[in-house]
Amino acid sequence: MIDPGPIGAVRIAPSILAADFGVLAAQVQSVDAQTDWLHVDVMDGHFVPNISLGPPVIKSLRPYSQKFFDCHLMMTDPGRYLEAFANSGANGVSVHIEVGGTANLISDARALGLRVGLVINPETPYKPAAEFLGDIDYLMIMSVHPGFGGQSFIEDVMEKLRRARADIDEGQLACDLEIDGGIDLHTAPIAAAAGANVLVAGSAIFNKPDPLAAAAAIRDVVLAARA
Ligand code: DX5
Ligand code: ZN
């Protein structure tokens, strides 16, 4: 079992959506030394208007990385594929609250030995997700509309991060708080100051000439924001 690391600690999660899929394993290994989780964006062309990758790609990538594979399921019917993700080498799956059936999805994923995240879109209210904080390993708040990399950070969602951080700390819950979308050197400290401890970054890492240095720089600004 791959250790996801201490709850609440800063973790940088590069999103492979922005990587060159033709040399995916090499891209993933290039940032290994400065990153913690590997964020894998799965898109079904239905929940979001884009298609990315699925279990066969995860399975192919698995031998090349010891990182925690944080699989973000942008899918209308994730329940149908949980077993395939578990078998492919996923370590955690996050499901969107917007697709419904959340309690069953959480228990089904757990039964397969997966860690479980819950995701909320920018326009989705925080309150319904708060009810699940005690049952999940991480809450992920989208700071872009899911479906595409390289979009602008929606700062309005910081209010949800602050509320979630307060609830997690007050309840002493074993739950990480993840932010996904538009994270770069400017926005990462804003999200960290609002309470995020897992930071997903795609273009700000893989679209840079030196992805390893870009990941390290994001970690540095996040640590400084939390100091
Ligand atoms: C958006 C994805 C994000 C995306 C982040 O649908 O869930 O994980 O890859 O990409 P950037 O960091 O470029 O916004
Ligand atoms: Zn994502």
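Here is a short chat about a predicted model, its zinc site and some of its salt bridges.

Visitor: What makes the arrangement around the zinc ion (ligand 2) octahedral?
Guide: Six donors count as octahedral if opposite ones are over 155 degrees apart and all others between 65 and 115. Here the 6 donor atoms subtend angles of 71 to 171 degrees, so the arrangement is octahedral.

Visitor: Which residues are the protein donors of that zinc ion?
Guide: They are His39, Asp41, His72 and Asp180, lying 2.1 to 2.3 Å from the zinc ion (ligand 2). Asp41 sits in strand β2 and Asp180 in strand β7, 139 residues apart.

Visitor: Why is Asp41 called buried?
Guide: Buried means under 20% relative accessible area. Asp41 has 6%, so Asp41 is buried. Asp180, with 7%, is buried too.

Visitor: How do you know that Asp176 and Arg11 meet in a salt bridge?
Guide: The rule asks for a side-chain nitrogen of Lys or Arg within 4 Å of a carboxyl oxygen of Asp or Glu. For this pair, N to O is 3.0 Å, and that makes a salt bridge. The pair links strand β7 with strand β1, 165 residues apart.

Visitor: And what about Lys67 and Asp32, why is that pair a salt bridge?
Guide: The cut-off is 4 Å, and their closest N and O atoms are 3.8 Å apart, so the pair counts as a salt bridge. Lys67, at 15% relative accessibility, counts as buried.

Definitions and conventions
Residues numbered from 1 in each chain as written. Chains lettered and ligands numbered in written order. Predicted model: local features only at pLDDT ≥ 70, side-chain atom pairs only at ≥ 80, totals over all residues. Heavy atoms only, no water. Donors = N, O, S within 2.8 Å, 3.2 Å for Na, K, Ca; no water. Tetrahedral: all angles 85-135°; square planar, octahedral: opposite > 155°, others 65-115°. Helix = DSSP H or I, 4+ residues; strand = E, 2+ residues; numbered from the N terminus. Buried < 20%, exposed > 50% of the residue type's maximum accessible area, 1.4 Å probe, protein only.
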